Amino acid sequence: MKDEILKKISAAVRDIPDFPKKGILFKDIMPLLGDAELFPEVIKAMAAPFRNAGITKVLGSESRGFLLAAPIAMELKAGLVPVRKKGKLPYKTVSASYALEYGTDTLEIHEDAIKPGEKVLIVDDVLATGGTAAAMKELVEKLGGSAVGVSMLIELPVLNGKEKLGDSRLFSLLKY
Ligand code: AMP
């Protein structure tokens, strides 16, 4: 990707201090999604490193993860698998819990969403502590799939999320 486009993408991410609570600098990607030139560039760039990786499923977690995972799945000619918070999926599920600052949260996936041996790409907007991505990886592995890659729009390297991803290959378009 041209430097000039990457700069425009970075400039279209809006910083919101103290959202959703004091001390968090929220990376708001809505201006980027709303830009007809930049959004497809983001999708192509997040898919590109995994084009020849044999990916058959792309996993996205609610809710901003869905917005990126769906077009990336189409770009890679792979299926889309939505991961949801506990209690939202209608069919039989498997679940994985992860630690939040206070307490835990649980993500779920349909038990037939991934077949054993499938190669899976995990997608989200922001990699912070890595808890969400690690729980998604656990879901893939519980179903016998292989989480070969993780594609993030934004990585916050100071929070060391990468360390929770084991041998999955991480690509992040922007780092702050
Ligand atoms: P974590 O599990 O700590 O890696 O957090 C990742 C999840 O929380 C992602 O689904 C993000 O959408 C969200 N998130 C974490 N930190 C931020 C941030 N600074 N700005 C926007 N979203 C964030």
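**Entry 1, the model.** I am working from a predicted model, and I numbered residues from 1 along the chain as its sequence is written.

I looked up what lies around the ligand and found 13 residues surrounding it, the closest being D124, D125, T129, G130 and T132. I then went through the polar atoms facing the ligand: a polar side-chain atom of D125 is 2.6 Å from a ligand oxygen, and a polar side-chain atom of T129 is 2.5 Å from an oxygen atom of the ligand. Taken alone, the ligand exposes 490 Å², of which the protein buries 81%. I also noted that the space taken by the ligand is the largest pocket. When I asked which elements contribute to the shell, I found that β2 (25–28), β7 (119–127) and α5 (131–142) each supply at least two residues.

I placed S172 in strand β9, which covers residues 169–175. S172 has a relative accessibility of 13%, and because the limit for buried is under 20%, S172 counts as buried. Its side chain makes a polar contact of 2.5 Å with the side chain of E155. Leaving aside residues up to four places away in sequence, I found that S172 touches M152 and E155.

I checked omega and noted a cis peptide bond joining F19 and P20, with a value of about -5°; P20 belongs to the loop between β1 (14–17) and β2. I noted another cis peptide bond between E62 and S63, where omega is about -10°, and S63 is found in the loop between β3 (57–61) and α4 (64–75).

I looked up phi for K77 and found a value near 55°, which is positive in a residue other than glycine. K77 lies in the loop between α4 and β4 (79–85), and with a relative accessible area of 76% K77 is exposed. N160, which is not a glycine either, has a positive phi of about 60°; I placed N160 in the loop between β8 (146–155) and β9. The relative accessibility of N160 is 42%, so I recorded N160 as partly exposed.

Methods. Predicted model: local features only at pLDDT ≥ 70, side-chain atom pairs only at ≥ 80, totals over all residues. Heavy atoms only, no water. Helix = DSSP H or I, 4+ residues; strand = E, 2+ residues; numbered from the N terminus. Buried < 20%, exposed > 50% of the residue type's maximum accessible area, 1.4 Å probe, protein only. Polar contact = N/O pair within 3.5 Å; in protein donor to acceptor, adjacent residues only side chain to side chain. Contact = heavy atoms within 4.5 Å. Near = heavy atom within 4 Å. Areas by Shrake-Rupley, 256 points an atom, 1.4 Å probe, with all protein chains shown as cover. 1 Å grid on protein atoms, 1.4 Å probe; cavity = no way out; pocket = protein on both sides within 12 Å on 5 of 7 lines; lining within 4 Å. Sits in = over half its atoms within 2 Å of the grid points.
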